[in-house]
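User: I'm new to this one and would like to learn how to read it. Could you walk me through it?

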Amino acid sequence: MTRPFLAKDLTAIILAAGGGSRMKSQTPKPLHKVCGKEILNMILDAVELSGIEYSVTIVPSDYKLFEISVGNRTRFEVQGQAKGTGHALLQAKKAAKNSQFILVLNGDIPLISPETISQLISLHQEKESTATFLTNRKDNPLGSGRVIRTHKGAVEAIVEERDADSEIKDVTEVNCGVYCFEAPWVWSALESLKPSSTNEFYITDLIALALEQNLRVETLETDRQEETINVNDRIQLAEAEALLQQNIRAKWMKSGVTLVDPTSIYIEQGVDIGEDTSILPNTHIQQGSTIGRNCQIGPDTTVKASAIGDKSKVTHSVIENASLGTKVSVGPFSRIRAGTVLENNVYVGNHAEIKNSTLGSESKCGHFSYIGDAIIGTNVNLGAGTITCNYDGVTKLKTVIGNNAFIGSNTMLVAPVNVGENAVTGTGSIVNKNVPDGARAIGAPVRIIQGGRS
Amino acid sequence: MTRPFLAKDLTAIILAAGGGSRMKSQTPKPLHKVCGKEILNMILDAVELSGIEYSVTIVPSDYKLFEISVGNRTRFEVQGQAKGTGHALLQAKKAAKNSQFILVLNGDIPLISPETISQLISLHQEKESTATFLTNRKDNPLGSGRVIRTHKGAVEAIVEERDADSEIKDVTEVNCGVYCFEAPWVWSALESLKPSSTNEFYITDLIALALEQNLRVETLETDRQEETINVNDRIQLAEAEALLQQNIRAKWMKSGVTLVDPTSIYIEQGVDIGEDTSILPNTHIQQGSTIGRNCQIGPDTTVKASAIGDKSKVTHSVIENASLGTKVSVGPFSRIRAGTVLENNVYVGNHAEIKNSTLGSESKCGHFSYIGDAIIGTNVNLGAGTITCNYDGVTKLKTVIGNNAFIGSNTMLVAPVNVGENAVTGTGSIVNKNVPDGARAIGAPVRIIQGGRS
Amino acid sequence: MTRPFLAKDLTAIILAAGGGSRMKSQTPKPLHKVCGKEILNMILDAVELSGIEYSVTIVPSDYKLFEISVGNRTRFEVQGQAKGTGHALLQAKKAAKNSQFILVLNGDIPLISPETISQLISLHQEKESTATFLTNRKDNPLGSGRVIRTHKGAVEAIVEERDADSEIKDVTEVNCGVYCFEAPWVWSALESLKPSSTNEFYITDLIALALEQNLRVETLETDRQEETINVNDRIQLAEAEALLQQNIRAKWMKSGVTLVDPTSIYIEQGVDIGEDTSILPNTHIQQGSTIGRNCQIGPDTTVKASAIGDKSKVTHSVIENASLGTKVSVGPFSRIRAGTVLENNVYVGNHAEIKNSTLGSESKCGHFSYIGDAIIGTNVNLGAGTITCNYDGVTKLKTVIGNNAFIGSNTMLVAPVNVGENAVTGTGSIVNKNVPDGARAIGAPVRIIQGGRS
């Protein structure tokens, strides 16, 4: 990686004010998500990873949703009217006034990489160009601006689809919408641009202007087609997601994770998965998840923002904001919710819901049960149909169960309530008072019998 | 669309009597389904949408299954013996006797479009042809009849695979099995056809005959390969379904619906989905479903013949013949069955089954429960393990619960029973008598305590 | 198939000692699974099906995992040092000393077929070659040894990627790592091989040696690319699985099974599926399963080592080591576990778990329930929330229910316990003593009322 680009060196400017009408959406196009992350945040990731410290994002007048999604990663500048990319860029003039170079990125290229950004900037600086832009050869260039070159290969023009004759339409090298400019030149050039027939100003006309002025224009051709996919509608959004998923899956397979039918496995960025873990079909591993080694996750499982220890197994279940130790088994058809900790060797079978609770190591919850707001010790057996009655209509209340307790089937634990170590509750008991260590609690409501467990 | 074709103008004849032995099935080939609809019904849809009012379907002797699937959309005529397509067509002579034109369609082309049918008929009428048929260029023409042309491009013959030499096998233009004929000519021509060595009569020989008679034969070449896929085995059945699904998905993405991993989302025809709704992987949206805007449906969800209001969320669940209001949340692992109405802001969590019941707005059924044949007011809380005991072994019985009631965990509601407004039932209570408004019902069986809820 | 190859004729030698470092795994590469079966077992299947009775597998020093996975299907010989394929082969000399021919297979080609093996041996014998090897043309030959030929087409050499110049890299015919050798020659030739610069010995040098000695070297070119895929990393592992799945799916579709979205259906080898059964998306049919005719299995279903009778329907469920009769219905969200028998016409609805139990014909378990270690008669109705309390913390205990019994909702069956024929249990009853035929059992714990059911 090149040295960091400070604000005085370079400002990245992301053009995110465009309407995106083909998305047919109330959500601005740059805030649609690819693999769980907004397009704009993906571009900002690439910008930051390429070493650029300062960015400006051009947004429409109402940019509340941008602030919510992006926070203060970037400075927002408003383009009040839809007057073209050149006009959009001009809105950054003040914010970028101290920079020597500017990097411009269209706000619809979610897969652009930091490496390509760095290469473009390096080339620009090395060649001392006035303008440098990224190009790519497309099998189907339809809709993109074509790069026209002289016989010697120098750039002659960028011609938009609408202005292209049939010969130009056959050109496969296209403009990707990523530019590096010499800053002083670009700001004055932008002000001298002539509007189009629809009174819009285009960045591509800056290239024409530089050429007219006999200034140096360079291009960087990338062969990574996927980096330059631009998202104009939801079909392209799905394509971008498919390409990114393909890369993410390949990365994990290469690092020693088995994916059975990779195309049905959805792995977001920002996760970690250990060697020799197998992920089975139709499984989602979402941001903030850490999965250990030798695990089996799936099929039909969602793991979101959760930690799972080595040698654990989760099938047909949903795990959210939870922490599972080693050799934990969950599923099928169970739901482990926020704030849950399942310690080592915990077994959760089918149709269980566990919320904001801790199950100590070796404890078992084999069959349909609802455990909420509970602290459960080690080696506890929770019978089928156990329910923590943790809600009185107003407050969520605590249940505490000691080590080695045996909770009979269909026990109602009316919180707040404590069940002691080695205590036993009877089948169908309604436990509305504390059960001392080693006692038996039987009936509805319960009677306490001391020393019940042999 | 052209003007409607009345019975006196044109009869569509669908050849659906063929054995379809490669399907290896007890179900006749035209009754196998593509995206939930029988091939024959798909062809009849296209015929009707192209403006044709009258159709005859040639069926085998035992056509009970055809009647069940197709009803009276078409007139059935029986081909008693498997003597070829020409013999099949002849069985429609009487039924089509008043028509000036006939349109013939093989009963194995599920994706034929009304537009192509209309174009074929228009071309036939415009050119005043004796016969006009649809052709298509196939990358792999193996198995199809090849269209042989003169140097000037006129049709010379259709040669079936079995009669083709290696030069003819290289021809990529194939006969798609959709024909338009001048009616008087075709009926007499059919009777003059010579049988094949296996004593069968072929429609393709009609083309040869017309050419011999120096009558006009036209072709319409379509470039929409998918329209002309013919289904002879279950691999082709799967291919037809994949092609149709691809079109349906593209349509919804273009209209503003996000599909995450579109290839894993199964959308039947006859549904509606609002803008900015996201559908997550492994989700089925089936016929008769209407999904509002800004919903999130899936992953792992089936919605069948149900209405879902705006901003609702359904995950890992099955919804059948139900109606959900706005901002309803269901799942994971819940099942909403026929006759259920979930009003606005209802929350159904995990492992719930709700059948033939109404839950008023703001009501909650968070955890495993069975609610059947119940009318539940607004803002009711149903505790974990609530069961409507709606079946006495003979009859299904009603449960009615008033607004703001609080149903404790593991309450058994022994129907028929009413629980009043603001009433409370205790944990583990067996409610076998009515509970007045504002009362508490405790125990098994319950005692009623007036004014129980503070 | 050719006649069987006895040990004295031919020994198959599988080279399975390689490190497989690109798998990044604690599991040796040949023991990674494709469609549920270890690569080595797949190769041994092909070897055995081609009629070869005797095989030797070259393994690393620590081959415990090989023994566990492969058992005594093959004789193990250890290669103590990683000194190349030639050195590996030499370790089999003693074990194969009586054979006239040897067949050598790299241990990373899971999809090699018995037919191709047989053809290679036949060709070798027919031509009386010294060495015969399998070749294949690859679109992307990168990484494979290229087969260099004279103008007349005779083999000249095998050149490994690392030794290939750019001209040789353009050669698309590659060595597949399957060889047949004349045994006496190969053993002496191996001992005369010269080591590489890294002190390794290569089988490919045997080919060079035979050519130098003017001995006959033949090749068999196969056009079945999928057979020769070799698995070096988990991406190739996934590709091999995808190819095998594709073949398996095609086989079942051709035999009369409808697969809706075949790419999402996972069928292992060693299963049987009847005609006119439909399998819906995201469904797994695993080894040892037998599914009848006219069934509907899926979506979102796993069937493992289970038998399912005709006309049964299973949706969104997991069936393991169980037996289902005809017209059985299960799901959604149910789990049928080992040792369960569901007789004809049994209905299991949602959120049920049934383990090691028999449900007699016509019995129903419609809603959330846990049935374990129970024998249940015919026409029994199990109410919602029924639980067999089959575990006292020490032992699993039996529940027996007679024909036509009616088990009320939320009944706890405290095993060991018998409920007689035509008996009824009340809602919420705790059945801790036997219920005679025709009696009613009410309360917690139950009182018995004779002749209760009208």
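**Reading the model step by step**

Analyst: Let's start in a loop: C:Thr263 sits between strand E12 (258-259) and strand E13 (265-267) of chain C. Helices (H or I, at least four residues) and strands (E, at least two) are DSSP runs, numbered from the N terminus. This is a predicted model, where local features need pLDDT of at least 70, side-chain atom pairs count only at pLDDT 80 or more, and totals for chains, interfaces and linings use all residues. Residues are numbered from 1 along each chain as its sequence is written, chains are lettered from A and ligands numbered from 1 in the order in which they are written, and side-chain values use heavy atoms, with hydrogens and water left out.

User: Which residues is C:Thr263 in contact with, leaving aside its neighbours within four places in sequence?

Analyst: Contact means heavy atoms within 4.5 Å. For C:Thr263, that gives A:Asp261 and C:Arg249.

User: Okay, on to chain A. How many helices and strands does chain A have?

Analyst: There are eight helices and 42 strands in chain A. A compact globule of 454 residues would come out near 22 Å, but chain A has 30 Å. Along the principal axes, the C-alpha atoms of chain A fill a box of roughly 95 × 40 × 40 Å.

User: And is A:His284 buried or exposed?

Analyst: Buried means under 20% relative accessible area, exposed over 50%, partly exposed in between (1.4 Å probe, protein chains only). A:His284 has 6% relative accessibility, so it counts as buried. You'll find A:His284 in strand E16 (residues 283-286) of chain A. Not counting residues up to four places away in sequence, A:His284 touches residues including A:Tyr266, B:Pro281 and B:Pro299. Over the whole of chain A, 59% of the 454 residues count as buried.

User: Why is helix H1 (residues 39-49) of chain A largely enclosed by the rest of the structure?

Analyst: Nine of the eleven residues of H1 in chain A are buried, so the helix is largely enclosed. Among them are A:Ile39, A:Met42 and A:Val47. Just after H1(A), have a look at A:Gly51, which takes a positive phi of about 100 degrees.

User: How do I read a sheet?

Analyst: Begin with pairs: two strands pair if DSSP finds at least two bridges between them. In chain A, twelve strands form an open sheet with mixed pairing, in the order E12-E15-E18-E21-E24-E27-E30-E33-E36-E39-E41-E42. Strands E12 (258-259) and E42 (447-449) of chain A stand at the edges with a single partner strand each, so one side of each has no neighbour in the sheet. Inside that order, E15 (residues 278-279) and E18 (residues 296-297) of chain A pair in the parallel sense over two bridges. There, A:Ser278 stands opposite A:Gln296.

User: Which strands of chain C pair with E10(C) in the antiparallel sense?

Analyst: Strand E6 (residues 101-106) of chain C does, over five bridges, and C:Leu105 stands opposite C:Val178 in E10(C). Strand E7 (residues 131-137) of chain C does too, over six bridges, with C:Asn136 opposite C:Val174. Strand E10 (residues 173-182) of chain C is mostly covered, with nine of its ten residues buried.

Key. Rg over C-alpha atoms; globule rule 2.2 N^0.38 Å.
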